[in-house]
Amino acid sequence: MESHNPNQSQPNNPTNFTRPRKKPPIAFYLLSILILLLAISLSITKTSYFKTLHLRSTLTSHPITTLQKLLWFLKPSRNPSPKSVLLPSHCVLWMAPFLSGGGYSSEAWSYILALNGYYVGQKSSRLSRFRLSIEQHGDLESLEFWEGLPEELKNLAFKLHQTQCRLNETVVVCHSEPGAWNPPLFETLPCPPAGYEHFMSVIGRTMFETDRVNADHVKRCNRMDYVWVPTDFHVSTFVQSGVDPSKVVKVVQPVDVEFFDPLKYEPLNLGLLGDLVLGTRKTGLSLEREFVFLSVFKWEFRKGWDVLLKAYLTEFSGADAVALYLLTNPYHSDRDFGNKIVDYVENSGMQKPDNGWPPIYVIDTHIAHIDLPRMYKAANAFILPSRGEGWGRPIVEAMSMSLPVITTNWSGPVEYLTEENGYPLPIDRMTGVTEGPFKGHFWAEPSVEKLRALMRHVLIDYDEAKARGRRAREDMIRRFSPEIVAGVVTDQIHHILDKRRARNGV
Ligand SMILES: *[C@@H]1O[C@H](CO)[C@@H](O)[C@H](O)[C@H]1NC(C)=O
Ligand SMILES: *[C@@H]1O[C@H](CO)[C@@H](O)[C@H](O)[C@H]1NC(C)=O
């Protein structure tokens, strides 16, 4: 196992931009997942929260040796069940920020659920070639996120975490940004958790939001046996940046079309959740007729919130029966989004319309995963004029909820967005990224004028918009439902097992 020196991590870290927080020592990760899992197994509830934290800090203060780490990974069996002799010896160990929330986290969950459902479910003829194991890796875990997960997911995490595998019979999937791969540039359980050569095969699953991949990340990709990326856009940007073309494989992302099913939910009352930061709150009858534009994003320049505000505030006024809801959370910033919006408006030179500004609401409280469908259900259209997306989870979730979406016609979303199932937002030009570790890369500048026109268009021709929303759900089911994507992943894994078998002459 490669040892990880915590002192060497910070200075040249190209991922500082995405990882601002100081990382706790590695033992924290190894033990805290156990404690989180222990928490469910003992049915610890919110009232025991402080006890959990106390337990955590007690255990974290004990150092852990490399040997212990390895032993811990190997998880020697305590009660070998007689059933296990019938199970396949091959394993897929999926390492990802399962307990963290955020993009990679929900993506990883969707794969695990897809693969698990696939095996538990119908396709028994393909059932028996590998077992599934999971491990927390790649980011800090969040107790808030964990607690918001449905009970079945928690139980599944507990179960899959206990799967025992031999290194030499395991295919590892490192599902995170390449900076987290062994040796990691910040404190996290390394992936693969021992040298690359100890495993049957090692796969990096990652993506980027700009038009290229950093040289260091290219090197890390080329150390992997395969690099899985979600779209054709990434296949071409990765290969153009120097990743070995024979290693790059497109594996799309699933979206949980059963969970994000509009027929199953009543809308959340967004008016109660949102803080009005601009314009005036509509009341009574007019509230019911209000057309709700929803956007979901982390508060960063890349997401194009400035483009959204500019388009919305110049196109609409207080006289229009519209409202814009922004579900956002901090990203290298404080939570004072109201002031940021007011500052932006004051400095933008936009003229306040005679009828006043159209209302903007901010929702910055944590919305538990189980409440997300109800939030989409409360909207009439989903808008995200992003400058670059890896995949765009909120976009496909909205599409699965049959919402018409308007989002930038560049990068990840090009994989699934068409003029039949949504509104691709044209870009004005490509622009250089001016700050952060991706400085010098390029991404897209979406058109404010076209966004204005499209927002007005879906408001006026809502029947067309709804038809595109229905088509969006059909496309999500057809191309990205968990069963479809589980089939894609399974085929890839079987391909690796077959190649290995052929090589070993078995
Ligand atoms: C992995 O190692 C074990 C123990 O050394 C051995 O029995 C097994 O055959 C190996 N499996 C493969 C696929 O090489
Ligand atoms: C979106 O981008 C694709 C590929 O770059 C292009 O073929 C298509 O015409 C674009 N659609 C719109 C509406 O701009």
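# Exercises on a predicted model

S411 is buried, as 26 other C-beta atoms lie within 10 Å; a residue counts as buried if 20 or more other C-beta atoms lie within 10 Å of its own, exposed if 12 or fewer and partly exposed in between, with C-beta atoms placed from the backbone. The model is predicted, so local features need pLDDT of at least 70 and side-chain atom pairs count only at pLDDT 80 or more, while totals for chains, interfaces and linings use all residues. Residues are numbered from 1 along each chain as its sequence is written, and chains are lettered from A and ligands numbered from 1 in the order in which they are written.

**Exercise 1.** Describe the backbone and the setting of S411 and S402.

Solution. Start with S411: its phi is positive, about 65 degrees, although it is not a glycine. S411 belongs to the loop between β12 and β13. Here helices (H or I, at least four residues) and strands (E, at least two) are DSSP runs, numbered from the N terminus. Next, S402 has a positive phi of about 65 degrees and is not a glycine. S402 lies in the loop between α14 and β12 (405–408). With 22 C-beta neighbours inside 10 Å, S402 counts as buried.

**Exercise 2.** Give the strand order of the open sheet of seven strands and find its edges.

Solution. The order is β7-β10-β9-β8-β11-β12-β13, with mixed pairing; two strands pair if DSSP finds at least two bridges between them. β7 (275–278) and β13 (423–425) are at the edges with a single partner strand each, so one side of each has no neighbour in the sheet. From one strand to the next the twist averages 25 degrees. Within this sheet, take β8 and β9: they run parallel and are joined by eight bridges. F293 stands opposite L324 in β9.

**Exercise 3.** Is helix α11 (residues 305–315) enclosed or open?

Solution. Eight of its 11 residues are buried, so α11 is largely enclosed by the rest of the structure. The buried residues are W305, V307, L308, L309, K310, A311, Y312 and L313. Their cover includes β8 (291–298), β9 (322–329), α12 (337–347) and α15 (448–460).

**Exercise 4.** Work out how α14 (residues 393–400) packs on α16 (residues 462–480).

Solution. The axes are 7 Å apart and the angle is about 115 degrees; axes are lines fitted to C-alpha atoms, for helices over the stretch in contact, and angles run from 0 to 180 degrees between N-to-C directions. That makes α14 roughly perpendicular to α16, a class covering 65 to 115 degrees, with angles under 35 roughly parallel, over 145 roughly antiparallel and the rest oblique. V396, M399 and S400 of α14 meet A472, R473, M476 and F480 of α16, a contact being C-beta atoms, placed from the backbone, within 7 Å.

Methods: Two residues are in contact if their C-beta atoms, placed from the backbone, lie within 7 Å.
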